[in-house]
Amino acid sequence: MDFRGKKYERGSNWSDPEVVELLQLWADESVQLELESCLRNQHVFNRIAEVLREKGIHRTGDQCREKIKKMKLEYRRIKDNSKAPRGGRTWKFYEVMDRVLNSRPALPYGPLPSSVMAQQVLQGSMVDSYHQFAASALPFGHSQHPELMEIKCFSEPNMANSSRIQNVVPRPGFSALHRLRKKRKGQRVKDPLDDLLLKTLTSQRAMEERFLQMEERRFQRDLDVEERRLQLEQRRFELEREHEFRMFNVFAQMLSILKQSHSGSSSSLAIPRGLDFNQALSEIAGMGGGGGGDLQEARAVQPGRPLPERRFDMHGFCNPGEFQRSPYLSARGNVVNIFRGSTEEGYEAYHADKYDEDKNPNGIINFGTSENKLCFDLMSKRLTQTDMNLMEPPLLQYPDWKGHMFLREEVAQFLTHYCKAPAPLKAENVIVLNGCGSLFSALATVLCDPGEAVLIATPFYGGITQSVFLYGNVKLVYACLDSKITGTSTRPFQLTVDKLEKALQDAQAEGVTVRALILLNPQNPLGDIYSLSELQDYLEFAKRHELHVIVDELYMLSVFDESATFHSVLGMDRLPDPQRTHVMWGISKDFAVSGIRFGTLYTENQDVANAVASLCYFHGVCGTVQHKVAQLLRDRDWINQVYLRANHARLKAAHTYVTDELKTLGVPFLNRNAGFFVWIDFRKYLRTGTFEEEMLLWRRFLDNKVLLSCGKAFECSEPGWFRIIFADKTHRLQLGMQRIRKVLEEREQEILAEEKEQPCQSDQDGKADSTDEVIFVSRHQEPTCAGSSNLGDLIGLLQQQMRSSDWLQKNTAEQFAQEKPEIYDVFSKLVGKQ
């Protein structure tokens, strides 16, 4: 039986062969010298036990020592009672113990009962193997420093043995270490505690050196951070100076055009007579796109933009015969097979070459998949607590297809609280499926017939196309949004009822029946949060046209800035059409568990609820996951006090880092405070404003080991927009932004080299108008030729420049008049003459 790793057992029995092996090892003179010369002999018996284990006898050092102790007591008892030598023969180990303890050659016990085999010295294969083992791997010499060795002070019973050891003549088999011990037998060595003190001092010195190294490393890191901060400050200062220069350049061109207008040339805009400088600036700043309207109308049709009449053929895949067919698939199967784009291609490349800090530092960094990678530590700790582990028969059986009632009750209470519902939501209106993608598929199937359509604003999350079309053969009608500020739009990519009305009318004119409207709030990929008034307008529009409204609120708890307020449809006092309003939510985004497929639908329409529930047979959630989710949603204190605070702080810090890097690069982006993504304008890095150029830039990023999502994947109508996911760890964000910076700098140098060959070509087409919510600092927006600009273009550009900075706050009209009186006088005279 193997006793390794077990505690010492005082009552263990020894067989005679085991005792013989023990005595052969213990009786060796080198072992006896070791036992006599040290204060603590536990290590000696531990090594004896190791040799015994090599021979197949599994005993501990404590057991060996206890057995020798018992045998020595038995030997002394027999000897003190004067029972030896005749009485001693009754104990079969007496002769061996007597020879060892009296410095006589040990006699091993023979195999015959009650017999003793006399030999001059204990020898043989066992002893030889013991000596070989002791001399190499397990020497029985002191492990202490020789100078710290102390000779054991023997008690009276051991004095004879001590003198006997001193008189022993070293035999040829003794090692040099044993002879050295005999020579130093009479010397007084230091206390063994000195060795412990020496080790303590050595460890302390090592810790101090380690601490100094860490301090030097921290100091160097602080220097690097400070240097990086100074570089960013310098870069921002240069950008501000360039921005001011561009604005003064625009002013100069405006003055030149006004002068020409005064001399008889025509102008597209005349400043009213008597308007002073400050009022003129206010009027220009308050024009919601006026003055640049002609330019914006000229840009209405973008190169590469799909024409409206082809929209349904392209995105509805109504004619599968246009594609290469597989003889093994049906027509619908062929459509599913070819329904692949940059998302699938990039995702496969990422999994084939995934970045790992230790194993694959040159792998692909994924900024394309919308996952929260900042809170894995919090969720893994919470999901492994004891209350999450439950295995009962109901969880292992088929549930109600809508979900277990205990879970639906928790979902209803959770949504009532966080959606700020005016009245408690009902559990019977909750349906549970394995993810919001399955909910889109189920709703499209039960609300629309094949060939009918749902209305959605672009850009939008591309996975909806797969969920709606591939399963239900339901088309998508696009209300295309763009970055221009025209008409009723007050911000880029703003969804308005007018745009929804136009898209619906175009679809009906083409004979397409629209059954539903999809709203994403917060919007993916823009990050827009709809106000209550906007939600009311959208729902009223749907009610007028008897459309179902599918509201996806998947990111409702991922609004990370206190300045932004999320309004849920379930929090409205009154829904225009509650029987046609269906709200979706899941845990994959807000709780950073994309791998746990769980989504919920809340609808008051029981016909829709029952129809969707019938499809839950294909999209159900296992019982154990339902239990874990219920426990998670029930723990409101942990969600509010621990998770949401940490999640929002981490999202905000990551968003700040990425947006600061984009500002430093001079890249425009949509500034929002919800979700995991930033909508970036890379159009100035496209040679031509086409989706082919956008795809080339996307592949350029992928070749440099960073995965982004291009605008075409979201059906964006303007080529050049990209989505980046910032909900990632700092070291991956830093490395990914370095790779993005490298691609953009190389691309910019290539474009500048081409512009030198064609210096008078304007690149104004395809550039976004700016509002207070868009950071737009691109140097490529200035006109390259004076002859290609008119006053309307200059006013639009000036409006854009003023809205993208705080220049007007820093440079008032009075301050400008003091610093540049000659320019102010010229401008005042021109205005007076008008």
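A salt bridge is counted where a side-chain nitrogen of Lys or Arg lies within 4 Å of a carboxyl oxygen of Asp or Glu. The model examined here is predicted, so local features need pLDDT of at least 70 and side-chain atom pairs count only at pLDDT 80 or more, while totals for chains, interfaces and linings use all residues. Residues are numbered from 1 along each chain as its sequence is written, and side-chain values use heavy atoms, with hydrogens and water left out.

Across the whole structure, the search finds 35 salt bridges. One of them joins Arg-491 to Asp-528, with 3.7 Å between the closest N and O atoms. Arg-491 sits in the loop between strand 4 (475-480) and helix 19 (497-509), and Asp-528 in the loop between strand 5 (514-520) and helix 20 (532-544), so this pair ties together parts that are 37 residues apart in sequence. Helices (H or I, at least four residues) and strands (E, at least two) are DSSP runs, numbered from the N terminus. Arg-491 is buried at 11% relative accessible area, and Asp-528 is buried at 4%; buried means under 20%, exposed over 50% and partly exposed in between (1.4 Å probe, protein chains only).

Arg-218 is partly exposed at 38%, and Asp-222 is partly exposed at 36%.

Another pair, Asp-728 and Arg-732, meets at 2.7 Å, N to O, and Asp-728 is buried at 3%. Finally, a network of salt bridges links Arg-687, Arg-700, Glu-746, Glu-750 and Glu-754.
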